[in-house]
Amino acid sequence: MPRRSPSRPTAPTGTDDARERILTAAERCIDRHGIRKTTMDDVACEVGLTRPNVYRYFADRDDLLIELITRHARALVARARKPISRQGSLADQIVETVLYTADHGRRDPLTRHVIDPDATSLGKRMIASGTTEMCRAEMWDPLLDAAVANNELPPGLPRSDIHLWLSNVTKMVMRGLADGEGDVRRYRSILRRFVAPAFASAKAKAGV
């Protein structure tokens with residue numbers, strides 16, 4: 001039986017396998033070129049498929065990148081859970097979540113994009129599709145749900161407002177760390193003085 005040429009694109013054997021291969025190839029391209037300069041042609045070449053084959057699994061470039069960004073955000077949330085769970089109070093958990101997310105997000109362009117979506121079509125689509133809010137909810141709601149259950153936080157507070165405020169605080173810290181305006185220790189002190197009190201007093205506001 002003749003051997004298949006190694007340079008010839010081959011069709012993937014299954015949808016899940018194909019998507020994983022494409023996403024992995026896209027990550028390699030982003031490592032080399034950055035998010036903005038990575039094209040579907042780059043990804044197709046990297047994975048060894050034709051561009052039409054890549055479009056069988058992802059509607060367009062933004063669709064592919066949004067899935068990749070979401071995966072990175074969820075991986076960050078999963079890694080953050082253990083160190084954050086060691087904090088004794090809601091206020092400390094909030095502060096350490098902001099710091100952990102900001103410090104790790106600035107090192108990963110994909111995670112950074114979900115924290116600070118830009119004005120490109122990708123950033124606008126992430127917001128319009130609800131992806132940004134979904135990632136925020138997955139980060140903050142477990143802490144907030146536990147706080148409500150423990151009477152540390154009044155029930156009925158608008159979650160989307162809390163998500164937006166904490167995400168903007170995280171964005172500020174991430175940009176400050178990236179620009180060298182302060183280190184993690186300095187921002188921890190700032191957060192404990194200006195952000196933690198909002199949650200430290202929440203128990204009193206709840207009437208406990």
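User: Why is Glu 96 called buried?

Analyst: Glu 96 has a relative accessible area of 13%, and buried means under 20% relative accessible area, exposed over 50%, and partly exposed in between, with a 1.4 Å probe and protein chains only. Therefore Glu 96 counts as buried. Please keep in mind that this is a predicted model, where local features need pLDDT of at least 70, side-chain atom pairs count only at pLDDT 80 or more, and totals for chains, interfaces and linings use all residues. Residues are numbered from 1 along each chain as its sequence is written, and side-chain values use heavy atoms, with hydrogens and water left out.

User: Where is Glu 96, and which residues does it touch?

Analyst: Glu 96 lies in helix α5. Leaving aside residues up to four places away in sequence, Glu 96 touches Ile 84, Gln 87, Arg 188 and Arg 192. Contact here means heavy atoms within 4.5 Å.

User: What makes α5 and α10 a packed pair, and at what angle?

Analyst: Helix α5 (residues 90–105) and helix α10 (residues 184–194) pack at about 145 degrees, with axes 10 Å apart. The axes are lines fitted to C-alpha atoms, for helices over the stretch in contact, and angles run from 0 to 180 degrees between N-to-C directions. Among the residues that meet are Val 95, Glu 96 and Leu 99 in α5, and Tyr 187, Arg 188 and Leu 191 in α10. The residues of this contact divide into six nonpolar, no polar and five charged.

User: How do you know that the buried residues of α7 are on the same side?

Analyst: In α7 (residues 121–128), Leu 122, Gly 123 and Met 126 are buried. They cover an arc of only 100 degrees around the axis, so they sit on the same side of α7. That arc is taken from the directions from the helix axis to the C-beta atoms. On the other side of α7, Lys 124 and Ala 128 are exposed. The cover over the buried residues includes α4 (61–85), α6 (109–115) and α8 (131–149).

User: How many helices and strands does the protein have?

Analyst: The protein has twelve helices and zero strands. Helices (H or I, at least four residues) and strands (E, at least two) are DSSP runs, numbered from the N terminus.

User: Where is confidence lowest and highest?

Analyst: The score is pLDDT, the predictor's confidence in each residue, from 0 to 100. Confidence is lowest in helix α12 (residues 202–205), at a mean of 52, and highest in helix α2 (residues 40–47), at 97.

Note on methods. Nonpolar A, V, L, I, M, F, W, Y, C, P; charged D, E, K, R; others polar.
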